[in-house]
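This report examines one protein model, with attention to helix packing and aromatic pairs. The sequence and structure follow.

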Amino acid sequence: MSGRPEEASGLTDTEAKLAAWWKDLLGVEVVRPEDHFLELGGNSLMATVLSNRIENELGVEVSMVELFNTLRAVATLCDELRQEQNA
């Protein structure tokens, strides 16, 4: 091991997409499933940008409050909302 924090392997497709968006918005190199948006430096403006990106690219609406959670929780919510739409 290099001693560098690494992302967990085995991310779901949605987790991987969100992690890439979080890294871009927050200017961080690593996002893990248990990381919180606010704790990584996110704010309400960034959450608005993220919410718009999720709506445009994943086709679901996620409130800013719901974004202030872990990466895994946000990804799970997005997946659940997408399944409901397709039901």
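Leaving aside its neighbours within four places in sequence, which residues is Asp-35 in contact with?

## Basis of the model

The model is predicted: local features need pLDDT of at least 70 and side-chain atom pairs count only at pLDDT 80 or more, whereas totals for chains, interfaces and linings use all residues. Residues are numbered from 1 along each chain as its sequence is written, and side-chain values use heavy atoms, with hydrogens and water left out.

## Surroundings of Asp-35

Asp-35 lies in the loop between α1 and α2; helices are DSSP runs of H or I with at least four residues, numbered from the N terminus. With neighbours within four places in sequence set aside, Asp-35 is in contact with Trp-22, Val-30, Leu-40, Asn-69, Thr-70 and Leu-71, contact meaning heavy atoms within 4.5 Å.

The relative accessibility of Asp-35 is 14%, so this residue counts as buried (buried means under 20% relative accessible area, exposed over 50% and partly exposed in between, with a 1.4 Å probe and protein chains only).

## Packing of α1 and α4

Two packed helices are described by the angle between their axes and the distance between the axes. For helix α1 (residues 13–26) and helix α4 (residues 71–86), the angle is about 125° and the axes are 9 Å apart. This makes α1 oblique to α4 (under 35 degrees is roughly parallel, over 145 roughly antiparallel, 65 to 115 roughly perpendicular and the rest oblique). Axes are lines fitted to C-alpha atoms, for helices over the stretch in contact, and angles run from 0 to 180 degrees between N-to-C directions.

On the α1 side, the contact involves Thr-14, Glu-15, Leu-18, Ala-19 and Trp-22. These meet Leu-71, Arg-72, Val-74, Ala-75, Cys-78, Asp-79 and Arg-82 in α4.

Two aromatic pairs are found in a search of the whole structure; rings of Phe, Tyr and Trp (its six-membered ring) pair if their centres lie within 6.5 Å, with planes under 30 degrees apart counted as stacked, over 60 as edge-to-face and the rest as tilted. The ring centres of Trp-22 and Phe-37 are 5.3 Å apart and their planes stand at 70°, so this pair is edge-to-face. Trp-22 belongs to helix α1 and Phe-37 to the loop between α1 and α2, 15 residues apart.

Phe-37 also forms a stacked pair with Phe-68, at 6.2 Å centre to centre and 25° between the planes. Phe-68 lies in the loop between α3 and α4, so the pair ties together parts 31 residues apart in sequence. Trp-22 is buried at a relative accessible area of 0%, Phe-37 is buried at 0%, and Phe-68 is partly exposed at 28%.

Terms used:
Helix = DSSP H or I, 4+ residues; strand = E, 2+ residues; numbered from the N terminus.
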